[in-house]
2 protein chains.
Amino acid sequence: MGLTADIIAMGTELTTGASVDTNSAWLSARLVELGVPTRRHVTIADDLSTIVREVRESAQSARVVVMTGGLGPTADDMTREALAMAADESLVFDEESFKAIAAFYASLGRQMPETNRRQAMRPASAEVLVNEWGTAPGVRIRIGGADMFSLPGVPREMKAMFAAYVGPAVEAMDGRGHVSVRVLRTFGTGESNLAEQISDLMEVGRNPAVGTTASEGVISVRVVASGDSEDVARRLAQNDIDEVRKRLGVLVYGEDDDSLASVVGKRLTELGRTVSTAESCTGGLLGTMLTDVPGSSAYYVGGFIPYSYEQKNESLGIPMALIKEHGAVSEPCAEAMAERCRALTKSDYALAITGIAGPGGGTEDKPVGLVYIALASRDGVQVKECRFSERMNREVIRDRSARTALNMLRRKLCEA
Amino acid sequence: MGLTADIIAMGTELTTGASVDTNSAWLSARLVELGVPTRRHVTIADDLSTIVREVRESAQSARVVVMTGGLGPTADDMTREALAMAADESLVFDEESFKAIAAFYASLGRQMPETNRRQAMRPASAEVLVNEWGTAPGVRIRIGGADMFSLPGVPREMKAMFAAYVGPAVEAMDGRGHVSVRVLRTFGTGESNLAEQISDLMEVGRNPAVGTTASEGVISVRVVASGDSEDVARRLAQNDIDEVRKRLGVLVYGEDDDSLASVVGKRLTELGRTVSTAESCTGGLLGTMLTDVPGSSAYYVGGFIPYSYEQKNESLGIPMALIKEHGAVSEPCAEAMAERCRALTKSDYALAITGIAGPGGGTEDKPVGLVYIALASRDGVQVKECRFSERMNREVIRDRSARTALNMLRRKLCEA
């Protein structure tokens, strides 16, 4: 491994769980792109001795350390003190920095509170990073083998300071790796089944590093390639992407920020076709997913949420006799919902979902997790019976049902 | 300081910035409630030696260590190995655990892949934490002075495992602080406006500590009281809760896990009344929120997603002339949607939403963020015009629209 980075976030609001730290993930993504992978993130409460210990630990093992937070004017802002202690230096007052803070206040037409003098202190050997986007100046200091950059915790200021100071400094460092990161999105199988098909690519220590993660039924395959040049890294990543695509075939629905709904929408737009929805147990979630995509009015005409028996009968025209004979959660009912929805809306495709999301309402015959999903098109209706585990909760059963419906349409559109 | 906790999250998807770690904040909030403040969160890539070093560091300084992730079946899942190395123990195969994993697969009607054998390994002195919510069993082990709990990284499974194993174990520990945490949920005003009304309670250093956080339009007021006994802490917190409720009045809709939809559902159930929905720009999100609540079929009869002009006309019977004269995003159209929806479904209340969620589709007259929300009842129809900031994105505009609709119904039901 070449250069590595550590990221240290300061703040009791983080360690008490009142706020989620999103800065560290953002910084990691930028550093990976610069060829400096992150070894660890550490989040620490406003506690001086713990901060000093973690700074020293990072100074020993990382080449780049980015710290966020703890630069404010109050007593619980301890980053400056901690850096001075970790470097065995005293804090000095920086006249230039003080003038810059005063000027920032003046530009807002506000009086600078006296407490802000604290913010003009820096460890003796440190360089001040002027903050043009807020009041808290940053600090750059060398401790051990590490270049340490201390930035404000406010995301907007942090990002601007990273771009102004950290990015250029890191780009000038020797020994950075050249890295290419690619992500494939898949739907339709479990993580371990998928991993078995690419287990040789996932071996530890291999370059590119290939890994899988699961989130909301979507299994993502991440390829991180390193090389002597950007070109080499890019080519290595592309090779693996091609290989994974070949092995997983139609399971792969897209890359990076693609969602099932955005991919379906793109294909419907290409074909100039439309879709509608009829949802019982998902209560509008499928419509929500389809319309999450900007411009979806080009292909989504709308739909129905016939939650009660009466609404299935009255708004969609499902015969009460059918519901009484087979139940609302049945293959014939799903089929009729999709067909009627397609006929009423005159859309090319109609998706229908009816099932038991729980936690109540299950029977021995029709347990919680039983969901029927139907897709009507000019070729007729296909129905999929899903039996989601009862141990999935209501939210997950509904989410998977809606995504499974989108995936049925996606697969259908692949053939079109 | 009494007992403290460390939280360690594993996963290259976290240290590369592909995913944001939300588990650690959730765990910290739960541990604070149990009187065990968190000293630090550490997030580590799938790198064995780094994991071992951090586990050893935490074993020396924390009483409780919760680890998340790295328990999957693949080679980059290294938590089991790391715990064994940190404890200087070998990994052993746990027959019982293996049977439980196999049973989970069987319950899904799926074949267990051979790689899942890895998941039945545990450090020799460790106890297996059976995972009834997924395939990855957890591990509990004592290293140094710390009780270490290793949980899956999937949030749903992690939370269930915390409740089943970690919470009860921590509750049984001596030396915890006595803390009472209460959270009020409010909707209908901004965070700084709300904070101004309770600024004296929010002073730094005060006990209870009172703070606000904003998430999806919901402003939460968090009260954390410490005392010499649970009783004292509870009473202190209750005093502040009463005071905050008095000052904020009808802005407060509930506590803890209450959602606008669950509160509305409870009140509708009490009154024996029903509701239906007609959604254009939210595309089913309001229906989704209403039906997120188990048992919502008792009061939610269903609804319509008339996304296109034709569907507004055909499924709801909105006259084309009205749409042509006023536009689909207009007060008369919202009013007609709610009235027609109530009439068609014979529900007591009907909510309708029509607006421009963007990013496209805005005009000077009708900019992105303009949304009309209507509530029909036997008293007639009320319409609210919302002008959400263009700087909100599509997702946020849709979310706030649906919540504002629920809040209108909540306020209406307060009078009923």
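This is a predicted model: local features need pLDDT of at least 70, side-chain atom pairs count only at pLDDT 80 or more; totals for chains, interfaces and linings use all residues.
Visitor: What makes β1 and β3 of chain A a pair?
Guide: Two strands pair if DSSP finds at least two bridges between them. Strand β1 (residues 5-10) of chain A is joined to strand β3 (residues 64-68) of chain A by 5 bridges. They therefore count as a pair. The two run parallel. One bridge links A:Ile7 with A:Val66 in β3(A).

Visitor: Where do these strands sit in the open sheet of 12 strands?
Guide: The order is β6(A)-β7(A)-β8(A)-β3(A)-β1(A)-β2(A)-β2(B)-β1(B)-β3(B)-β8(B)-β7(B)-β6(B). The pairing is mixed.

Visitor: Why are the β6 strands called edge strands?
Guide: Each pairs on one side only. That applies to β6 (127-129) of chain A and to β6 (127-129) of chain B. From one strand to the next, the twist averages 20 degrees.

Visitor: Which helix lies across β3, β6, β7 and β8 of chain A?
Guide: Helix α6 (residues 155-171) of chain A does. Its angle to β8(A) is about 165 degrees.

Visitor: How do you know that β9 and β11 of chain A pair?
Guide: The cut-off is at least two bridges. Strand β9 (residues 178-187) and strand β11 (residues 218-227) of chain A share 10 bridges, so they qualify. Their sense is antiparallel. A:His178 stands opposite A:Gly227 in β11(A).

Visitor: What packs on that sheet?
Guide: Helix α8 (residues 230-248) of chain A, which touches β9, β10, β11 and β12 of chain A. Its direction makes about 15 degrees with that of β9(A). The sheet itself is open, with the order β10-β11-β9-β12 in chain A.

Key:
Residues are numbered from 1 along each chain as its sequence is written. Chains are lettered from A and ligands numbered from 1 in the order in which they are written. Helices (H or I, at least four residues) and strands (E, at least two) are DSSP runs, numbered from the N terminus. Axes are lines fitted to C-alpha atoms, for helices over the stretch in contact, and angles run from 0 to 180 degrees between N-to-C directions. Two residues are in contact if their C-beta atoms, placed from the backbone, lie within 7 Å.
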